[in-house]
Each structure stands twice: as structure tokens, then as C-alpha cells.
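Please open the structure in your viewer and keep the sequence panel at hand.

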Amino acid sequence: MTPSLLKRRFMDGASVDGQLRWLSIGLFILIAILSVLPSLRLLLEALSHMTFSASSPMVEVLRSERTWTALRNSFYTSGLGTLIAVVLGCGFGFVVTLTNIRGRAIWVFCFMLPMMIPPQVTALSWLQLFGPASPILNTLGIEPALGSPQPMYSAEGIALLLGIQSAPLVFLALRTQLIALPQDLLEAAQLSRASQLRVWVDIILPLCRSAIIAGAALAFVSSLGNFGIPAMLGIPAGYIVLPTLIYQQMAGFGNEMLSQVAGLSMIIALLVLAGMLLQQWLQQRSRYALLGHTAQSLSFRLKQWRLPLEMLLALVLCFILVAPLCALIVSSLVPALGMPLNADTITFAAFYEMIGRQGVTARAFENSAFLAFFSALVLMLVSLPLGYLLMRLPMRSRAVIASLIEVPYAIPGIVLAIAFILLFAKPLPFIEVSLYGTLGIIFLAYLSCFLSVCLKPVLSAMSQLDPALEEAAQLAGARPIQRLIDIILPLTAPAFFAGGLLVFLIAINELTVSALLWSAGNETLGVLIFNLDESGDSVLASAIAVLVVLLVAGLMSLLSLFAPRLPRGVIPWHD
Amino acid sequence: MNLKKTLLLCAAALAFPLSVQAQDVLTLYTSQPNKDAQMTVDAFEAANPDIKVEWVRDGTTKLMTKLRAELSSGVVKPDVLLIADSVTMESMVSDGYLYPYLSPNRDQYEDSLYSAEGYYYGTKLITTGIVRHKKAPQHPTDWSDLIKPEYKNQVAMPSPLYSGAALIHLATLTDDKTLGWNYYQQLHDNQAMAQGGNGGVLKAVASGTKPYGMIVDFLAIREAEKGSPIEFIFPKTGVSMVTEPVAIMKDSNNKAAAKRFVDFLLSKEGQSLVLKQGYLPARSDIGVPKGFPKRENIHLMPFNAAKTLRDSEANKARFSKIFEG
């Protein structure tokens, strides 16, 4: 039976299945609420006041030179950032997953951390690391002169940090796939005397191509929508990208700008859509069916190369994680910004102030943990049936729906937030509850924003499943929901948990969406750090940032403790 | 369908705690730094134990964007505003969003510090002057120094697109006969960096990225007192000033508590708190905080709130054109 015939038979079976129909309707309503509604509301705003005169907002946006400059800059920084992310992510991914390197879990753990640190904190710590007041450079006596140009205030500086920030996304996507690579393929190749190179070119790379493309697309999209890094490194240098242009328009000129801003964000949304379709097209050309997880994955012996490679990894980690983190810790322990840290100046006053005096700290921790946990949970629950249904749709409609889901993640958080204000400012019909000004609106925005983050690994895993398994179950009379739980779920569980975990770790530090949606009593950690930093309290901001890093590192360690009891691959930094 | 229902239930559950709040919760929107806002709230709550204050902090322009979005959707969250400048308050008055309240404490204040109808009251004086890093080679004494060649690419300033105080600073300097718009053009030609708000300037100067800057007095003076390697300079020509006014929203459901908040800020006790926080109090009989010169030695440049409001959009656009092309 050819695959296409098999698939058609599958579709026929589905169309008569009532269970499946209800599931589909429910899920499509959910997508409509989470993805299409905010996008539509924005489109409406962008097209409002649309006349045929030359002064309608959309025309003005397209005619403005700044739009095109920002667009060019966005492409440049995100493209370069993605390149850096792919090189870093793949390098680490291959070495850590496929070789007999020592202390594997620790490498992965440390490589994941940069993503968990809020972007504006990353930017802050890098600035402190390379500026004239850098505590580390000052100790070494090689600090730059006062007022000398700051190398980080540049397009390349932005791209570098974007790359480091999104490298774990590529890494995770690749690793999920690498873990599933079966040993028997390699053995077969070795039996037929294939060279190392042939194994890479003919087996490993083709099987990973779709994961790398997915990771790169995720990195590109998250770089395109990143606000924290270009805001802190680009605005001072007069270098605008689309999200900072939008932010400046909103912050400087207020709500009259709303329709122009909506127009700008539609441009980003279209770009992302185009990118996603391209990615899906590329991925379809490189699909191979794998039978879930095998008992043992590939492992190359490194022999004399092991130590140099380990040292290289350590050097990279020092550069991207240890040094900025040290700079951050140092700046949380001084009494005021710009002071050197020594035995006389060291103080824990900032920590005391934030933990002991400010009620907002505990509240922000509580709110962020709550939002992140429930977003991850709900999205995991949704991703399973949604991924399943999407895989059964014809190629073209799947591409369309997957792209729709992608849009809210891709448009800058600040714009998504405006869409949600426009949608939910008034009390909900029927139940007369106002979501505005509650955690609920942030929660919904998170669901909308991170659905694609959770769905991506799930879809990628499902697309690798051999349909024969499910067909067998169907022939044996299993209904869709039963098949979903007994067959699909166990086989894709790792991807599924990886997705949920990603959502949690991204949401706990989220800034741009909550920056506009937060209200009294509903602060998030990202908002707290950004506001402190903006009002000049960098020392306090650093203290909170240090606490956040500790929290995330603690959570990740805790999960590692449970790793032996969980299915393989559930925790990305553990085998 | 179950999913949707669950979601709605979740949303309702999330919204619930806020809908059962006690009556005496006062919501404050403020642009004070976090630490000061907390201090203000703590002191007020200690003096009025029956009122609980919930507060939101953000930069004045961003806070107003948020508030305007809320107002246009018919939702009024705050009872009281405590934000950087009188120009923003003027615009709220002209749009009819504020509630006039004649506080009994107003007789202690100069007429120029509050609106005659009682729409808003200045609570402190925040001036904008020059800051330098202590290791910096130059010693600027006036605004005109910042456009000299030796300051090229060395100056940071707050952007009026982000900060209300910076917008008033711009209006004050551009109204000055000797400085004018030409001054801002020259600043741009000298590659002055117009960062986000005043916090950004503090970071740039204290960390040595830019050794000189324009900044609000308290940020620099307070950090210098703590040991940061910077010093604040009152320029010879004078300084611009904002008054951080407080006002009550017309649609506030809790006007009695709001009035008590206004009275508290204007009382001797409230003003001593301002002094303790390191600001110049609006009341002249309280004294000046550590690190400030004598009150009579601070020269204020003239400023017209109504005109500034009229010009503010044009000023922002013109600034944006000069600095961002």
C-alpha cells in the first residue's frame, strides 16, 4: 500500500468518527479565540480609518522611511542572530548528544540557562561586562577608557545576544530528534563499511534536517519579536528594529498611533507567515518515519579529541554564561551603580530591600510561577489532540492552521498586548466578568503567545511517527481518544513535556506581553525587573535577576533529580 | 467544548479575587521609582490603617498610554495619580478626567505649585541638571558646555519621547532665548545619546559608558550619597523643573480615601517623607535634603505649563525628527 493511499483511507475513517468531529470543533474554536481573534482585531485596527486618501494609517506606515529601515535592521539582526544560534545550538547539540563526552547533563544544563535569563538582564549584564566600569575588566586592569564606544551598542551586539538567547531553541529541537536516532541505522552503516563522513552526510544530517530547520525558524521568529535586547542595545545607538519602532511610537505618541502600530505589526505577521510556509515546505521534503525512541542512541567515541573539545565547550560557556552572570552578581552586591566590589563595599542591602521591604517581590514571584505553570499545563493538554488533528489534515490546510497559530507568537508582545486590551477591556458577554486588570488576561495572552512553542516539538515528533501503529489500533477497533492516549501519547511524550517545559521556562521571565497587561497586584517578574532597571534602580534589578536565575537553576536541578523516574527525553538536559 | 468551558472557568476563577475586594482599597498610578512609591504607600497606610493602597508604577508616558487605553474602553482603574509633570495633568484636566478638590493644606504652598481649581497639587520639585562621572576630564558648568567638541559622543540625555520630565526640560530649554531649538540640533550634531528615561542616563554615566549627562537631580544626588562615582551640577543658566503633582480621578469610586491621600502628601508629615526620600519638598519650610545646595541658590528657568501642553506633540515630533531622522 502506498503512503498516500494509506493516508486517504485514514481520512475516510476520520470523517465518520463522531468523537473526532467534536474534538475538531472544540479545538478550532480554541484556535479561533487564541490566535485568529487577536490577529483579526489588530487587522481591523490597522485597516480602520482606511480611506483612499494618501493619509490613511497603513499608507503612512508603508511610506515612512523608518518602517523600511526598521524592517531591514530586523532582518539583519534576526538573520545574523539565527545563524549564531544555529552554529551554537547545533555544535552543542551534536557534541553533547552524540559523543561520549563527560558530564553530559552539566553541559546541557549550563547551555540551557542563557535562555532562561530575561533578555533585558542579559543585555544589562553584558553592558556591565564590557563597559568602562566593568568590575571584571577593572580587576584585570584592561578596562576601556571612560566614554569609549561600547561595542555592544551595535547591530552585531544585538545579533550576538539574540543568537545566544535563542541557541537553546535550536539545541532543544535538535536534541529531541537526535535522541530518537536509532543505533541500528549506524550499525547497518558500519557493517557496510561506511566512513564517518558518509554516516554524517547520509544518515545523521538528513534525519536532523527537519529538526534544525524547525529550531532555526523558532530562533528567527523569537529574534524578530524580541524586544528586551534591541531596546537596551539598539535605542541608545539610534538603531531601530520593528519591535522597538512600535514601542517608541506607542510610548512617545500614545494611542493615536494605535492604527499605525497595528499596521506595522501586520507587516511582521505577514513576514512570519511567509517564513513559516517556507519552513513547512522545506520540512515536508525531509520527513522520515521513525519508530519512537530506541533503547540506545548513537554514540561516537572521541578518543584523543575528548579533552580539547571539552575545553572548547567550557570556553564558550564561560563567554556566554559565566562571565555575564558574574557581572550580574557583582552588580547586585554593590551599594550603588558604578562602584567597585571589594571587602568594604560588599552589601546585601539590595536583597534585603527587595525581599524584606518590598511586598511586590513575593507577589511577582507568585504571579509568574502561577502563570508559567498553568500556561504550560493547559498548553500541554491542548497540544496533544491539536497536534494529532493537524497531522490528519491535508497538507495545505495543516500549513494554514499551523501558520495561524504561529502569528501570535511572532508579533511583538507589546502589540499582542494591545490586541488583548482591545478585545477584553469590556466585560465578557454572558458571564459578565471583566478579565481586564486581572491575571486572567495575561494568562490568555500567554496561551495565545506560547501555543506554537508547545506545539512545535509535538508536531515534529508526531510527523515522525509511523502511521502503521495507529492503523493497527484502528483496525482493532480503538476509538480516536483511546488511540490518542494509548498510542500517540506514550510515543510522543518526550516532545510533549519538552514543549510544556519550554513554555514554563519562557513564561516565567516573560516581559513584553505583561509589560502592558499588568496591573496593581498582578506584576510579573519580567515587569518588575524592567521597571526597576528603567527607574534607575539597576542594583535592585540585578538582585531580583540573580534571584530569578537561582530560581530557574533550582527548578531545573529539581527536575534533574526526578529524571531517572521519568520517560527518556522528557527532561531535555538529561538522558 | 469541555476545554473552552474549563478555560472560561479558569478565567473566572482568576478574576474572582479582585471582584471581592474590600471597599477601602485605593488604587494609585505613579511614576515614582519603586522604592519611593513603596515608602509613600507604607507611610500613608501607617497613618491611615483603614485604607489599603494598591499601586502601579511605570514611566509617565507609558503609564498614560495605559491609562488612556483603559479610559477609552470605559474602565477606570486608578483613584489617584501621582505622576511626574503638570503638563500631563493639564491634558487630563482639559479632557475632563480629573476631580477638583480644594485641599485645606494648600495655603502652605506657592500658587504656581497647584491648579487654582484644585485639580492637581505639586508634591515636590524635581530639577534637571548636569551629571558627570568623577573620573571624567571635563567640569561642565552650564548647558552650553555639553555641545563643545570635547564632549563629542560623551553625553547621555533622557528622551522626551519617554520621560515627562525630559519633555518639560526640552520645552524649557527651547523656550530660552540663548539656547532654543538650535541647542538640541547641536546636541545631536555632537552625538549626544538620547536614551530611554532618566534611569538610562544614570546607568550610562555611573557605568562610564557616557561620562556626562542631563539628569533629574535626585537620582544623581542620591546615588552619589550612596557612593556612586558621580556628581550633580546645577548649571549657571538655571534648571528646568517638574513638580510631581497628585490628582484624583473624576470617576474614582473612593473619593473620601483619595482626598485623604492628597491631604497626606501635602501635610508636613508627607512633605518630611519627601525630604527623607531625597527630593526637594514642595513646601518651602521643610528644608533641603543632603547633597543639595541652599534653596535660594537653585535658579529655576521660567516655564509655562499651558503653552507646553499646546506644543508638546509638535515638540516631540520635532525632537524625533532631529534625533531619529
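Begin by selecting Arg102(A) and Glu310(A), which form a salt bridge in this predicted model. The closest N and O atoms of Arg102(A) and Glu310(A) are 2.8 Å apart. Side chains of opposite charge can pair when their charged atoms come close. Now colour the chain by element: Arg102(A) lies in the loop between α4 (65-98) and α5 of chain A, while Glu310(A) belongs to helix α14 (residues 306-332) of chain A. The pair thus joins distant parts of the chain, 208 residues apart. Over all chains, the count of salt bridges comes to 14.

How many cavities of 30 Å³ or more does the structure hold? There are 15 cavities of 30 Å³ or more, and the largest cavity has a volume of about 510 Å³. To find the largest cavity, select Pro119(A), Ser222(A), Asn226(A), Tyr409(A) and Ile506(A), the closest to its centre of the 30 residues that line it.

Then display the helices around the largest cavity. In chain A, α5 (104-116), α6 (119-130), α8 (155-179), α10 (196-225), α19 (439-463), α21 (480-507) and α22 (512-517) each supply at least two residues of its lining. Colouring the lining of the largest cavity by class shows 18 nonpolar, 11 polar and 1 charged residues.

Finally, select chain B together with chain A. In this interface, 61 residues of chain B are in contact with 72 residues of chain A. The two chains bury about 5,600 Å² between them, with 61% of that area on carbon and sulfur atoms. On the side of chain B that touches chain A, the elements giving two or more residues include α1 (2-19), α2 (34-47), β2 (52-57), α3 (60-72) and α11 (305-324) of chain B. The largest share of this side, 8 residues, comes from α1(B). By class, the side of chain B that touches chain A has 24 nonpolar, 19 polar and 18 charged residues. The count of salt bridges between chain B and chain A is 0.

Notes:
Residues numbered from 1 in each chain as written. Chains lettered and ligands numbered in written order. Predicted model: local features only at pLDDT ≥ 70, side-chain atom pairs only at ≥ 80, totals over all residues. Heavy atoms only, no water. 1 Å grid on protein atoms, 1.4 Å probe; cavity = no way out; pocket = protein on both sides within 12 Å on 5 of 7 lines; lining within 4 Å. Points joined across faces, edges and corners; volume = space filled by probe spheres on them. Helix = DSSP H or I, 4+ residues; strand = E, 2+ residues; numbered from the N terminus. Nonpolar A, V, L, I, M, F, W, Y, C, P; charged D, E, K, R; others polar. Contact = heavy atoms within 4.5 Å. Buried area = accessible area lost by both parts, 1.4 Å probe. Salt bridge = Lys/Arg side-chain N within 4 Å of Asp/Glu carboxyl O.
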